[in-house]
Every structure is written in structure tokens, then in C-alpha cells.
Amino acid sequence: MEVKEISVAGTLESSDVQIILKPNPGGGLAVDLESDVKAIFGDAILETVYQVCREMEVTEAAIEIHDKGAFDHVIRARLIAAVLRAAKRDQVDWERM
Amino acid sequence: MTDRNTLRRTGLYVSASSPVNMAQAPFYNEDMLIYDLEDSVPKSEKDAARLLIYHTVKYHRPKDKEVVIRVNGIDTIYFDQDMECAVRAMPDTIRLPKVESAAEVEQVSALMDRLEKQAGIPAGSINLICNIESFQGILNAQEIAAASPRNVALALSAEDFTASMKMERTKAGLEIFYARNVLVLACRAAGIQALDVVFSDINDLDGLREDSRMTKNMGFDGKTVIHPRQIDIVNSFFTPSEKEIRHALRVLAAIEEGRRQGKGAVSLDGNMIDEPIVLRAQNTVARAKAAGIKVGGER
């Protein structure tokens with residue numbers, strides 16, 4: 001899936017994560033993680049991010065993550081929302097979800 | 001899996017655009033946790049809210065509660081995607097807003113049949129609760145209640161109903177008295193539960209108690225709440241007290257004894273026990289058991 005424009009999903013509210021996605025042509029996946037629990041959960045968060053990108057076939061994007069203690073399923077949901085918005089897809093393929 | 005007899009004393013709405021509220025809600029004592037895609041989610045966030053609900057219900061599902069998803073109305077642009085998301089998330093129940101006819105319920109039920117089949121979910125495994133929010137809904141309440149075997153309850157919504165009727169909404173609630181009666185009648189006829197309106201003033205706990213007492217006396221099975229601090233108060237009105245349970249057991253024991261002795265008429269404490277009293281006692285014991293209260297023998 002191609003990231004065509006800048007998108008944002010999520011908030012800076014406690015237990016949420018704000019994800020900003022930008023096109024990154026030729027730059028692969030560039031992830032910038034900001035989290036109060038980066039030392040403990042940083043690797044796990046990045047693992048989730050890369051997994052979602054693989055599943056959604058996103059190969060080029062600059063991904064800014066501002067984590068406020070979100071659970072893993074929230075990070076997944078927010079990233080998927082950001083990718084779909086960036087790819088200008090308004091319909092989810094629920095069968096593939 | 002939940003059904004028409006599942007305990008539904010309280011239903012708490014939680015916006016699907018607030019992960020912190022979604023994370024906290026399972027720690028309260030509500031019987032139903034209603035993840036909301038409708039009024040509490042801004043239009044710009046409907047897409048993200050669906051994904052949050054889907055992932056929460058699939059991968060972080062609260063235990064010991066009925067999991068409900070309120071979708072947007074059937075006549076909105078969000079409905080189709082909401083239903084696809086909601087069915088695939090596999091909640092216990094989907095809550096439909098602004099239902100006005102049996103035809104709508106039949107249409108939604110058929111859609112759910114199709115989506116369940118596509119998703120490989122057992123047919124009929126997801127229930128429906130219909131929100132009645134207008135005069136048309138009240139006029140058609142009986143048909144709506146009976147429109148689908150998926151229906152487990154109707155829920156009255158006072159704000160939209162009074163707006164449709166050009167009424168003033170008051171705490172005393174006289175303006176919705178008839179609507180409340182009609183809803184309970186329709187639910188009893190269909191053998192499903194009746195859920196009452198929210199009490200909007202979250203700081204007026206005495207008012208909530210008064211409203212809940214009336215709700216219970218009118219025959220409702222539960223009430224929708226909008227704030228966690230309302231839950232325990234409302235639950236207490238729909239949970240039989242020890243005194244009520246004890247009395248119910250004595251009634252049932254007296255009837256059983258009368259049957260053993262071949263008596264036609266039975267009395268308890270000088271009062272005749274007729275059929276309605278027996279039914280009320282059975283209902284009390286059933287509600288107590290549903291609330292997890294150990295119902296022993298008569299003292």
C-alpha cells in the first residue's frame with residue numbers, strides 16, 4: 001500500500017498513541033518512537049509497527065510514534081488507521097483484517 | 001454467549017474514540033459494556049473508532065460482561081462499514097439506534113446472517129438490542145420487539161424521543177411515562193427485556209435513586225448509564241435484597257407445601273398467595289441467581 005500523503009491517527013491522551021505517517025520515497029521505513037516506556041516496551045512497540053507494515057504491504061514511510069502508554073492492540077488499530085488515511089482508502093478490507 | 005435472560009441491570013456507554021475510557025470501563029460493575037460508534041464519535045474519527053473497537057473486542061475483550069457495539073443508524077453513510085466491523089469483531093450484541101420499524105430490524109438481521117456466514121461465525125450468534133428514540137418507534141414497538149429472534153431487548157432513549165414529540169425533558173419524567181409503559185408492554189409481549197432511559201444529571205445521585213426506583217417499579221429490567229458513578233446505584237435497584245429473596249423463598253415453599261397437601265388455596269402470613277405473587281417470587285429468585293447471589297432454602 002502506498003503512503004500518498006501525510007496522515008495522523010490517535011491522540012496524545014493517556015493510554016493512546018498518536019501516529020504521524022509521511023511519504024518517504026526511496027527511503028524505506030523510517031520509524032521515530034517517542035514513549036515514556038521506551039526502555040521496557042520499545043522493542044515490542046517497534047515489532048508491532050513493522051508487523052503491521054508487512055501485513056499492509058507498506059514498504060516506504062516515515063512513521064512518527066508518540067506513545068502515551070497504549071496497549072498493543074491500540075497501537076495496531078491506530079497504525080492501520082493512519083496507513084489507510086495516508087493511502088486515501090476509505091474502505092477497510094475486513095476479510096483480511 | 002448471552003441471551004434474553006442475561007442480566008442487564010446496567011449498560012455503560014464508552015466512546016470508541018477514547019482508548020483510556022475503553023481501558024478503564026471493564027473495571028466497573030456494569031453488566032453491559034457498550035462500545036459506541038454513534039453519538040460520542042466525531043465524523044472525522046468514525047474510521048479510526050471502528051478499528052479501535054474491532055481490535056479491542058477481538059484481542060482485549062473484557063471478561064464477565066456482555067460486550068455490545070452500538071453502530072450508526074441504518075440510514076447513515078457509516079452503517080455498512082460499522083456492521084461489517086461489528087459482526088467480524090464478534091461481540092455478544094449489536095445495538096441499533098433509532099429503530100422505527102420491524103422492516104429495519106428484519107433488514108439488519110438478514111445482513112447479519114450474511115456477514116456471519118462470510119466471516120465463518122455461527123449463524124445467529126450475535127444478538128440485537130433496538131434503541132427506540134422517536135414517536136414512530138414507540139408506535140411500532142410491539143412489532144419491532146417481535147421482529148427477530150436475535151432481539152434480546154428494547155431500550156428507550158428519552159432525549160431523542162422527547163425531541164421528536166416536541167416535549168420538554170424533565171427529571172420527574174411524566175412526559176415519557178406513556179412511552180415507558182408502551183416499551184415494557186412490547187417487551188413483555190415479545191419475551192425480551194426492557195431497558196430504561198439514562199439519567200443525565202451525573203451529580204444528582206438522589207435523583208438517580210428516585211428515577212431507578214420508578215424504573216424498577218414500572219417493570220424495566222435495567223437502565224442505561226452514562227457515568228461509572230451511576231452503576232452501583234442502579235445495580236442495587238435491580239438486585240433483589242436479602243429481605244425480598246427470603247420472602248420469595250417463603251412464598252415458593254408455601255406453594256410447594258400446599259401442593260403436597262393437596263390444598264387449592266394457600267396463604268402466607270394471613271395473605272392469600274395467588275398466581276401473580278408466585279410469578280413475582282419466581283422472578284425475584286431468578287434475578288437473584290442471575291446476579292450471582294446464592295439462593296438457599298427458606299430460613
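Me: How many strands form the closed barrel of chain B, and in what order do they run?
Reply: Strands of a sheet pair through backbone hydrogen bonds, either parallel or antiparallel. Here, in a predicted model, eight strands of chain B make a closed barrel in the order 1-2-3-4-5-6-7-8, with parallel pairing. Neighbouring strands of this sheet are turned by 25° against each other on average, direction ignored. Strands (E, at least two residues) and helices (H or I, at least four residues) are DSSP runs, numbered from the N terminus. Two strands pair if DSSP finds at least two bridges between them.

Me: How many bridges join strand 1 of chain B to strand 2 of chain B?
Reply: Five bridges link strand 1 (residues 10-15) of chain B with strand 2 (residues 32-36) of chain B, and the two run parallel. B:Ser15 stands opposite B:Asp36 of strand 2.

Me: Which strands does helix 2 of chain B lie across?
Reply: Start with the angle: axes are lines fitted to C-alpha atoms, for helices over the stretch in contact, and angles run from 0 to 180 degrees between N-to-C directions. Contact means heavy atoms within 4.5 Å. Helix 2 (residues 46-59) of chain B lies across strand 2 and strand 3 (66-70) of chain B, at about 150° to strand 2. Helix 9 (residues 205-217) of chain B lies across strand 7 (193-196) and strand 8 (222-225) of chain B, at about 145° to strand 8.

Me: At what angle do helix 3 and helix 4 of chain B pack?
Reply: Angles under 35 degrees count as roughly parallel, over 145 as roughly antiparallel, 65 to 115 as roughly perpendicular and the rest as oblique. Helix 3 (residues 79-89) and helix 4 (residues 102-119) of chain B pack at about 50°, with axes 10 Å apart. These two helices of chain B are therefore oblique to each other.

Me: Is B:Cys85 buried or exposed?
Reply: Buried means under 20% relative accessible area, exposed over 50%, partly exposed in between (1.4 Å probe, protein chains only). B:Cys85 sits in helix 3 of chain B and is buried, at 0%. Leaving out residues up to four places away in sequence, B:Cys85 touches A:Trp94, B:Arg50 and B:Tyr54.

Me: Where does A:Lys88 lie?
Reply: A:Lys88 is in the segment after helix 2 (72-86) of chain A. A:Lys88 has a positive phi of about 55° although it is not a glycine. At 58% relative accessibility, A:Lys88 counts as exposed.

Me: What are the ground rules for names and values?
Reply: Residues are numbered from 1 along each chain as its sequence is written, while chains are lettered from A and ligands numbered from 1 in the order in which they are written. Local features need pLDDT of at least 70, side-chain atom pairs count only at pLDDT 80 or more, totals for chains, interfaces and linings use all residues, and side-chain values use heavy atoms, with hydrogens and water left out.
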